[in-house]
Amino acid sequence: MLIGELGRRTGVNTHQLRYYEAQGLLKPTRGGNGYREYDEDAVMTVTQIRHLLDAGLSTEEIAVLLPCASGAEPELEPCDELVTVLRGRLDGLDGYISALLRARQTLHGYLEAAERRLDARRTAAV
């Protein structure tokens, strides 16, 4: 199938499909006319890529994990890099969440202090 049909079947625009190809995630052949040609497996591959992107993985991480993927969801079969990549991504997310929680707590403190001062000014003005 051509890239337009793959896009229609997966709901992914052709620009993104070309990006996936550039990242090594899709490997079309080229027809005699130079057009990209995808086999039926490409539909499953794009579906897997979309699910893995939704999980917060980068295309670089997906390139490592894709050979371990089966099914649309996908199910990830144990392979050497799987645990390392997933653990690294999870550790990064945990660090980011911790930083966000600290920032949130600090902002709450600033807001509470500002509201107390505002209330004190209003009370003093009465």
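With which residue does E5 form a salt bridge, and how far apart are the closest N and O atoms? In this predicted model, the partner of E5 is R9, and the closest N and O atoms of the pair are 3.7 Å apart. The protein chain contains five helices and four strands, and a search of the whole structure finds six salt bridges together with one disulfide.

**Overall form**

- Along the sequence, the elements of the protein chain follow the pattern α-α-β-β-α-α-β-β-α.
- The radius of gyration of the protein chain is 24 Å, whereas a compact globule of 126 residues would have a value near 14 Å.
- Taken along the principal axes, the box filled by the C-alpha atoms is roughly 85 × 35 × 20 Å.
- Of the 126 residues in the protein chain, 25% count as buried.
- The accessible surface of the protein chain is about 8,700 Å², and carbon and sulfur atoms contribute 54% of that surface.
- Among contacts in the protein chain with a separation of 6 or more, 44% are between residues 24 or more positions apart.

**Salt bridges**

- Side chains of opposite charge can pair when their charged atoms come close.
- E5 and R9 both belong to helix α1 (residues 3–10), where they are four residues apart, about one turn of the helix.
- E5 is partly exposed, at a relative accessible area of 33%, and R9 is also partly exposed, at 41%.
- E5 and R9 are joined with E40 in a network of salt bridges.
- E21 pairs with R36 in a salt bridge whose closest N and O atoms are 2.4 Å apart. This pair links distant parts of the chain, with E21 in helix α2 and R36 in strand β2 (residues 36–37), 15 residues apart.
- R89 forms a salt bridge with E61, with the closest N and O atoms 2.9 Å apart. Here too distant parts of the chain are linked, since R89 lies in helix α5 and E61 in helix α4, 28 residues apart.
- Within this pair, R89 counts as partly exposed at 26% relative accessibility, whereas E61 counts as buried at 17%.

**Disulfide**

- C68 and C79 form a disulfide, and their sulfur atoms are 1.7 Å apart. The pair connects distant parts of the chain, eleven residues apart: C68 is in the loop between α4 (59–65) and β3 (69–70), and C79 is in the loop between β4 (75–76) and α5 (80–125).
- The torsion about the S-S bond of C68 and C79 is about 85°, and the disulfide is therefore right-handed.
- Are the two cysteines buried or exposed, in whole or in part? C68 is buried, with a relative accessible area of 5%, while C79 is partly exposed, with a relative accessible area of 23%.

**Helix α2 and its ends**

- N13 caps the N-terminal end of helix α2 (residues 14–22), with a side-chain oxygen 3.0 Å from the backbone nitrogen of H15.
- Helix α2 is followed by G24, which has a positive phi near 85°.

- Q48 is located in helix α3 (residues 41–54).
- Q48 is buried, because its relative accessible area is 6%, under the 20% limit for that class.
- Which residues does Q48 touch, leaving aside those up to four places away in sequence? Q48 touches L66, A69, S70, G71, A72 and P74.

Methods:
Residues numbered from 1 in each chain as written. Predicted model: local features only at pLDDT ≥ 70, side-chain atom pairs only at ≥ 80, totals over all residues. Heavy atoms only, no water. Disulfide = S-S within 2.5 Å. Helix = DSSP H or I, 4+ residues; strand = E, 2+ residues; numbered from the N terminus. Buried < 20%, exposed > 50% of the residue type's maximum accessible area, 1.4 Å probe, protein only. Polar contact = N/O pair within 3.5 Å; in protein donor to acceptor, adjacent residues only side chain to side chain. Rg over C-alpha atoms; globule rule 2.2 N^0.38 Å. Contact = heavy atoms within 4.5 Å. Areas by Shrake-Rupley, 256 points an atom, 1.4 Å probe, with all protein chains shown as cover. Salt bridge = Lys/Arg side-chain N within 4 Å of Asp/Glu carboxyl O.
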